[in-house]
Amino acid sequence: MKDWRYWLAEERGTLLAFGIFIVMFAIYSANHPAGFTANVVQTAANKGVLLAFVAMAQTLVVITAGIDLSVGMIFTLTNCMASWLVVGTGLETTFGVLAVLGTGLICGAVNGAIVIYGRLQPIVATIATGAVFFGLALLLRPVPGGSVNEDLADFLTGRFFGVVPASLVALLVIVLIVWVPFSRSELGRAAYAAGSSETAAYMSGVPIRRGKFLAYTLAGLLAAIGGLFLTFFTYTGEAAYASGNAYTLFSIAAVVLGGVSLFGGKGSAIGAIFGALAFRTIGDLLFVFDFDPLWQPLFQGVILLIAVSLGAFALFRVRNRLEWFL
Amino acid sequence: MSETTLGGIMGGIAGRMPKFIRRADPAVLTAFACIVILLLLGSLYSRSFLSPEYLLQQLKVASFLGVIATGMMLVILLGQIDLSVPWSVAAGAMMACAAAAYGPVGIALAIPFGVLCGVAIGIVNGIGVAYLRIPSMIITLATNAVAQGLMVVYTGGFSPQDVATAAMRYLATGFTIPGVPNAVIIWALIGAAMVFALTRTSFGRAVYGIGNRERAAYLSGIDTRRIVMVAFAVSGGLSAFGGVLLAGYASKAAQSMGDAYLLPSIAAVVLGGTSILGGRGSYLGTVAGVILITLLQSILSVMQMPEAGRQIIYGVVMVAMLLLYGRAPASR
């Protein structure tokens with residue numbers, strides 16, 4: 001009888017992110033000169049999906065009460081790599097894609113190994129590995145360039161049946177084959193438990209190390225999928241420091257908008273996806289209102305500031321001042 | 001071998017003699033040892049690495065990072081982090097240069113105005129973290145975005161045209177005492193003030209207390225929220241002051257001048273043995289971390305290592321050194 005209430009309480013963050021996204025996108029498409037057409041949706045989807053993948057990657061790590069400041073750099077590295085490898089015949093392309101995804105897995109596994117088995121703080125450890133990943137990206141692409149299998153790229157960035165953006169379908173598929181099995185598996189629960197209270201989880205015999213390791217590794221994989229899609233959209237690889245950093249920072253913003261707690265143990269990648277899509281839509285809102293693009297960074301910043309300040313409303317529920325200090 | 005036992009003994013003593021931790025913290029010792037090793041390795045490559053001119057030049061370059069890392073350390077000691085450094089630095093530099101365009105009064109007030117802009121950013125951070133209880137990683141990220149937005153609007157998207165005042169250039173590149181660059185003196189003064197504040201004032205005690213456990217600090221009668229806010233304001237102000245010095249060094253401000261300082265400032269503090277979880281660390285360690293990172297960057301660039309290799313070595317060295325002495329305890 002009360003099942004739906006538990007569900008509602010558990011998914012509140014995700015639903016809120018979904019709501020914000022729907023409202024933002026409604027405003028966006030209502031004011032877009034072309035209106036709510038397949039073209040507008042496709043463009044918006046293609047831009048949003050990139051951040052959605054990176055935000056999903058960030059979610060996995062944040063759930064374990066960690067943070068991955070190298071996701072943007074894995075994203076950049078795999079982009080540079082894909083611009084070399086994902087070319088040629090069908091078979092070559094397949095191997096290229098596998099190699100790129102494998103690289104992402106390795107990057108994530110390195111992060112996980114350093115954080116879990118090296119016992120370093122995730123913030124500093126991933127700053128350092130991020131520098132390494134960016135260095136590797138620069139080695140691969142000292143100057144922007146390269147190419148990609150355009151048939152595959154066009155297929156995955158186009159539309160199915162002329163309506164459904166292919167990138168959204170790809171995102172859905174990835175959610176179904178990566179996130180859903182992970183969150184329902186024993187190790188996925190271990191990752192949540194580790195984020196919620198590592199000591200309690202450890203005492204209860206939960207395999208926290210393997211759970212966290214899997215979370216970091218899959219985060220690398222998801223960031224690599226994002227990098228692959230970036231290559232599909234741009235047809236080139238570029239080791240851009242600013243863009244890699246921006247994706248890392250935006251992914252944190254998207255995760256927070258998506259109702260994932262930075263203290264760990266709470267939230268879902270679905271929420272982060274909507275957080276990412278909402279964040280992107282907010283960024284594009286200015287264009288449809290014909291503002292000077294100069295104001296875009298400020299607008300985005302102010303919206304971000306307001307969005308994160310909304311979390312402060314929880315303070316009104318605090319009855320004991322000691323609850324301020326978690 | 002003997003060093004680990006030494007560290008152990010020092011660690012044991014440290015519990016009872018807080019003043020001596022600073023001198024004998026194994027992390028700080030390791031950091032200084034790494035500096036010596038780096039210099040020796042460098043001197044194998046070229047004799048000039050041990051020349052006083054080179055070392056002084058490195059200290060001068062390090063002092064910009066040192067000023068910024070001082071603020072970062074204060075925030076990290078609280079168990080928080082300040083990700084708004086990039087645009088606090090840039091805002092400080094740009095606003096100071098902008099003020100210089102407004103006649104003699106502007107020139108006179110350029111430096112305080114730039115620093116005040118940083119303090120303002122820091123106060124917003126502080127209100128968010130201390131009073132609204134927003135995780136510092138998020139709120140500082142947001143204020144960084146807002147500061148960036150404001151600066152982009154101000155400059156119109158072009159690199160700013162204003163130039164640094166003579167006073168800014170003097171602070172960054174001049175010599176008051178022959179042979180010692182002013183920037184180094186400034187860093188020394190700021191460092192001394194920070195050491196005094198951390199070790200000799202109730203503010204410093206409160207900072208360490210909050211970093212260990214804010215709840216306990218609150219219960220022992222400390223206005224933890226005010227302390228946190230002040231710490232963020234100081235961090236913002238010091239970042240902006242670092243930007244002012246950088247603008248003086250380059251004689252003008254630039255859009256992304258602060259980007260190169262966020263990660264090194266965190267790295268310097270952490271490599272210096274300050275716990276990223278807060279509550280533990282010494283300023284001497286931060287000094288070591290700053291010099292270490294500056295030396296590493298300098299040696300790699302003197303060796304004409306391409307940017308890619310520099311980044312990789314930089315990251316690997318950081319991980320290696322943290323694995324050496326920055327590990328969390330194994331037992332739970």
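Colleague: Is Gly104(A) buried or exposed?

Modeller: Gly104(A) is buried, because 29 other C-beta atoms lie within 10 Å. A residue is called buried if 20 or more other C-beta atoms lie within 10 Å of its own, exposed if 12 or fewer, and partly exposed in between, with C-beta atoms placed from the backbone. This is a predicted model, in which local features need pLDDT of at least 70 and side-chain atom pairs count only at pLDDT 80 or more, while totals for chains, interfaces and linings use all residues. Residues are numbered from 1 along each chain as its sequence is written, and chains are lettered from A and ligands numbered from 1 in the order in which they are written.

Colleague: Where is Gly104(A) found?

Modeller: Gly104(A) belongs to helix H5 (residues 90–117) of chain A. Helices (H or I, at least four residues) and strands (E, at least two) are DSSP runs, numbered from the N terminus.

Colleague: Which residues is Gly104(A) in contact with, leaving aside neighbours within four places in sequence?

Modeller: They are Ile74(A), Thr78(A), Gly220(A), Leu221(A), Ala223(A) and Ala224(A). Two residues are in contact if their C-beta atoms, placed from the backbone, lie within 7 Å. Gly220(A) is 116 residues from Gly104(A) along the chain, and their C-alpha atoms are separated by 4.6 Å.

Colleague: What about the largest nonpolar core: how many residues has it?

Modeller: The largest nonpolar core has 225 residues, and those with the most contacts inside it are Phe53(A), Met56(A), Ile273(A), Ala93(B) and Ala96(B). Such a core is a set of buried Ala, Val, Leu, Ile, Met, Phe, Trp, Tyr and Cys residues joined through C-beta atoms within 7 Å. Helix H11 (residues 208–234) of chain A gives the most to this core, namely 16 residues.

Colleague: How many residues of H11(A) are buried?

Modeller: In H11(A), 23 of the 27 residues are buried, so the helix is mostly covered. From its first C-alpha to its last, H11(A) reaches 39 Å, close to the 39 Å expected at 1.5 Å a residue; the expected span is 1.5 Å times one less than the number of residues. Just after H11(A), Tyr235(A) takes a positive phi of about 65°.

Colleague: Back to Ala96(B): where is it found?

Modeller: Ala96(B) is in helix H5 (residues 85–99) of chain B. Ala96(B) is buried, with 33 other C-beta atoms within 10 Å. Beyond its neighbours within four places in sequence, its contacts include Phe113(B), Met168(B) and Val244(B).

Colleague: How do H6(B) and H12(B) pack?

Modeller: Helix H6 (residues 103–131) and helix H12 (residues 224–250) of chain B pack at an angle of about 145°, with their axes 6 Å apart. Axes are lines fitted to C-alpha atoms, for helices over the stretch in contact, and angles run from 0 to 180 degrees between N-to-C directions.

Colleague: Which residue has a positive phi of about 70° although it is not a glycine?

Modeller: That residue is Ala65(A), in the loop between helix H3 (38–63) and helix H4 (71–85) of chain A. Ala65(A) is buried, with 21 other C-beta atoms within 10 Å. In chain B, Arg133(B) has a positive phi of about 55° and is not a glycine either. Arg133(B) counts as partly exposed, because it has 18 C-beta neighbours inside 10 Å.
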